[in-house]
Amino acid sequence: MFKLYKNAFKLTNEGILLAIPLILFIWVVTIYLSFSRHFVDTMPEAISAFVTLLCMSAAFCAGWFYMVKKSISLSKKEFVIDEDRAKEILELIKKIPTGIGKYFLPFIGFSLLSILIFALLGGFLYKFGMHFIGSIDFTAAQIKGAMASPQDMKTFLDSLTDTQLYKLGSWNMLFMAGTTVLSFLLMLWIPEMLYQTKNPFMALFKSLKKLFVRFHKSIALFIYLTFLNIVISFANTFAIIHPLIYMAMMIIYFYFLVYVVVLIFSYYDDEFNNKQEKE
């Protein structure tokens with residue numbers, strides 16, 4: 001597994017071009033959400049904004065993940081001179097329209113299924129938490145005020161009783177545990193769609209099967225990614241100290257996102273795609 005982790009760094013460095021579409025998409029979505037927040041007032045407008053965001057996300061995922069898949073394939077090719085490899089890497093950006101054409105509808109289905117799955121998880125965790133932990137008795141106004149700034153959050157936490165703090169910590173642990181388990185179960189879903197079947201429903205079940213077929217490797221990969229995520233999250237707490245530190249952390253964060261996707265695709269390609277091709 002260490003060789004896989006190391007090779008993923010190499011592939012990420014060679015295909016750092018993958019970060020450009022990701023950065024642009026997040027920038028566009030941020031602008032769109034900011035615009036929608038100020039101009040969407042009615043239910044039809046909210047539905048229209050949701051459908052637009054859904055289509056934007058599906059188009060980006062279809063093109064970008066297809067680009068990632070092609071970058072994995074490109075890494076297996078042998079080039080006589082580095083200039084040829086550089087040209088092929090630059091050509092990856094042209095794969096995005098092809099990916100959109102092939103996988104736009106599957107990613108629409110993927111997005112809707114993902115929303116349903118997380119909604120069901122949220123409902124289950126809420127029922128479980130209300131039964132075993134209980135309500136904390138927060139009001140919407142309190143939560144909104146606490147989110148205004150770090151100082152407001154500190155003031156809000158200081159105002160809570162020991163019982164409320166215990167319940168808040170328990171709720172946080174419950175949702176963290178639930179989302180962590182779900183993230184593990186869905187880890188191979190997208191690679192399965194790109195490599196084997198465009199049907200997102202079938203891809204989900206096939207990816208779950210493959211996850212447990214190589215369970216020890218899959219869990220080792222997930223623990224490694226979780227550890228990296230904790231390190232990055234901890235480092236991000238220092239981003240507010242200075243604008244330059246914030247910029248540096250943003251660069252590291254986007255590099256980390258690309259590395260995670262490349263690593264998961266590389267793992268799937270090595271463990272399942274290559275073996276199927278050999279068979």
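**Before you start**

The model is predicted: local features need pLDDT of at least 70, side-chain atom pairs count only at pLDDT 80 or more, and totals for chains, interfaces and linings use all residues. Residues are numbered from 1 along each chain as its sequence is written, and side-chain values use heavy atoms, with hydrogens and water left out.

**Whole chain**

Show the protein chain as a cartoon. There are 12 helices and zero strands; helices (H or I, at least four residues) and strands (E, at least two) are DSSP runs, numbered from the N terminus. The C-alpha trace spans about 65 × 40 × 40 Å along its principal axes.

**Stop 1: α2 and α3**

Select 19-39 for α2 and 43-75 for α3. These helices pack at an angle of about 180°, and their axes are 11 Å apart. Axes here are lines fitted to C-alpha atoms, for helices over the stretch in contact, and angles run from 0 to 180 degrees between N-to-C directions. The pair α2 and α3 is therefore roughly antiparallel. Angles under 35 degrees count as roughly parallel, over 145 as roughly antiparallel, 65 to 115 as roughly perpendicular and the rest as oblique.

Now show side chains at the contact (heavy atoms within 4.5 Å). On α2, pick P21, L22, F25, V28, V29, Y32, L33, S36 and F39; on α3, pick E45, S48, A49, T52, L53, M56, S57, F60, W64 and M67. By class, the contact of α2 with α3 has 14 nonpolar, four polar and one charged residues. Ala, Val, Leu, Ile, Met, Phe, Trp, Tyr, Cys and Pro count as nonpolar, Asp, Glu, Lys and Arg as charged, and the others, Gly among them, as polar.

**Stop 2: α3 and α5**

The contact of α3 with α5 has 18 nonpolar, four polar and four charged residues.

**Stop 3: α8 and α11**

The crossing of α8 and α11 is right-handed. In α8, T180, S183 and F184 meet F215, S218, I219 and F222 in α11. This contact of α8 with α11 has four nonpolar, three polar and no charged residues.

**Stop 4: the largest pocket**

Select F65, S183, I190, V260 and V261, which lie nearest the centre of the largest pocket among its 35 lining residues. On a 1 Å grid over the protein atoms alone, a cavity is a set of points where a 1.4 Å probe fits but cannot get out, and a pocket is an open set with protein on both sides within 12 Å along at least five of seven lines; lining residues have an atom within 4 Å of a point. The volume of the largest pocket is about 1300 Å³. Grid points are joined across faces, edges and corners, and a volume is the space filled by probe spheres set on the points.

Which helix supplies the largest share of this lining? It is α3, with eight residues. The lining of the largest pocket divides into 28 nonpolar, seven polar and no charged residues.

**Stop 5: the second largest pocket**

Move to K3, L4, N7, S266 and D270, which lie nearest the centre of the second largest pocket; 15 residues line it. The space in this pocket is about 330 Å³. Helices α1, α3 and α12 each supply at least two residues of the lining. By class, the lining of the second largest pocket has five nonpolar, three polar and seven charged residues.

**Stop 6: the cavity**

A search of the whole structure finds one cavity of 30 Å³ or more. To see its lining, select L11, E14, G15, L18, S71, I72, L74, S75, R85, I89, L92 and V262. About 100 Å³ of space lies inside this cavity. Helix α3 gives the most to the cavity lining, four residues. The cavity lining has seven nonpolar, three polar and two charged residues.

How values were computed
A crossing is left-handed if the near helix is turned anticlockwise from the far one by less than a right angle, and right-handed if clockwise.
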